[in-house]
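Colleague: I have not seen this structure before. Could you take me through it in short questions and answers?

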Amino acid sequence: MASVKTAINIDDLRTLAKARLPRMVFDYIDGGAEDEITLRRQVDRYTDYELQWNSLVDISKIDTTTTVFGQPSPLPFFIAPTAASRLFHPKEGELAVARAAQKAGIAYSASTLASQKLADISAAAPDVPKIIQIYVWKDRGVVKELLDRAKEAGFTGCVLTVDTIVAGARERDPRNRFTVPPRLNRKTVSQALARPGYLMEMLTSRRARGEE
């Protein structure tokens, strides 16, 4: 079987994830709401863009640097927030992604629902811009406390997330009897047992602890 190091494209990585993760976990990150029409359109929309290229030009000094969140970046993008990353990568979660951001020199955005402490995430990526995702809840004190913790941990900005008023009907989840946070039942247990490598990693990892 291929490995992450030998993967050529995103589809290869998706195949590896499907083979590694219990079905409930894979479907949670791979799926969308209802008939998943919007999900497919979001992927297909990239085909609307065509790369325009010139031939017989000097490419010895290509410059991809830009400014992201007011700070210099070697590439014109950053890592977007993903909640509960240790559900997919039990041992490291956000720390693994933060280290990848550090290696690439690009900005990292931590989720409000991160499964690692903000201070630990910051320590894993000390030299890149770090941003915290924010939901504005009715309890403004909770929001302020999270922002204070992020600032103390070395985060220099925030991104506001505006979701729909109600959660989407993610049809894969009830079929798998999957909830967030996950609850044990016959179906989720059987799916976890079918992926012993993932299960062992989960059982031997310390309990996920985000900002409480």
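Colleague: Which residues of β4 lie on one side and which on the other, in this predicted model?

Modeller: In a regular strand the side chains alternate between the two faces of the sheet. Both faces of β4 are covered, and the residues on each are buried. One side carries K130, I132 and I134, and the other carries I131 and Q133.

Colleague: How many of the five residues of β4 are buried?

Modeller: Buried here means under 20% relative accessible area. β4 is largely enclosed by the rest of the structure, because the number of its residues that count as buried is five of the five.

Colleague: In what order do the three strands of the open sheet stand?

Modeller: Strand β4 (residues 130-134) is joined to β5 by four bridges, and β3 is joined to β4 by three. The edge strands are β3 and β5 (157-160), each pairing on one side only. The pairing is parallel, and the order is β3-β4-β5.

Colleague: Which residue of β5 is the bridge partner of I132?

Modeller: β4 and β5 run parallel and are joined by four bridges. For I132, the bridge partner in β5 is C158.

Colleague: Through which helix does the chain cross from β4 to β5?

Modeller: β3, α5 and β4 make a right-handed β-α-β unit. The crossover from β4 to β5 is also a right-handed β-α-β one, and the helix in it is α6.

Colleague: At about what angle to β4 does helix α6 run?

Modeller: Helix α6 spans residues 140-152 and lies across β4 and β5. Its angle to β4 is about 170°.

Colleague: Is T112 buried or exposed?

Modeller: T112 is found in the loop between β3 (108-110) and α5 (118-124). Leaving out residues up to four places away in sequence, T112 touches Q133, I134, Y135, W137 and L146. Its relative accessibility is 10%, so T112 counts as buried.

Colleague: How far is the backbone oxygen of Q133 from a polar atom of the side chain of T112?

Modeller: Q133 is among the residues that T112 touches, and Q133 is also one of the buried residues of β4. The distance between the Q133 backbone oxygen and the T112 side-chain polar atom is 2.5 Å.

Colleague: Which residue has its backbone oxygen 3.3 Å from a polar atom of the side chain of S85?

Modeller: S85 lies in the loop between β2 (71-73) and α4 (94-104). At 9% relative accessibility, S85 counts as buried. Not counting residues up to four places away in sequence, S85 touches G93, E94 and S115. The backbone oxygen at 3.3 Å belongs to T82.

Colleague: What is phi of A84 near?

Modeller: A84 is in the loop between β2 and α4. Its relative accessibility is 28%, so A84 counts as partly exposed. A84 is a residue other than glycine, yet its phi is positive, near 50°.

Colleague: And what is the phi of E36, about?

Modeller: E36 has its place in the loop between α2 and α3. At 14% relative accessibility, E36 counts as buried. E36 is not a glycine, although its phi is positive, at about 60°.

Colleague: Which helices do the buried residues of α2 pack against?

Modeller: In helix α2 (residues 23-30), the buried residues are M24, V25, F26, D27 and D30. They pack against α1 (10-20), α3 (37-44), α7 (172-176), α8 (186-193) and α9 (196-203).

Colleague: Which exposed residues are on the face of α8 turned away from its buried side?

Modeller: The buried residues of α8 are T188, Q191 and A192. They are on the same side of α8, because they cover an arc of only 100° around the axis. What covers them includes α2, α7 and α9. The face turned away carries the exposed residues R186 and L193.

Colleague: Which residue caps the N-terminal end of α8?

Modeller: A side-chain oxygen of the capping residue lies 3.0 Å from the backbone nitrogen of K187. The cap is N185.

Note on methods:
Residues numbered from 1 in each chain as written. Predicted model: local features only at pLDDT ≥ 70, side-chain atom pairs only at ≥ 80, totals over all residues. Heavy atoms only, no water. Buried < 20%, exposed > 50% of the residue type's maximum accessible area, 1.4 Å probe, protein only. Helix = DSSP H or I, 4+ residues; strand = E, 2+ residues; numbered from the N terminus. Contact = heavy atoms within 4.5 Å. Polar contact = N/O pair within 3.5 Å; in protein donor to acceptor, adjacent residues only side chain to side chain. Arc of directions from axis to C-beta. Pairing = 2+ DSSP bridges. Axes fitted to C-alpha atoms, helices over the stretch in contact; angles between N-to-C directions. Right-handed = clockwise from strand over helix to strand, strands pointing away.
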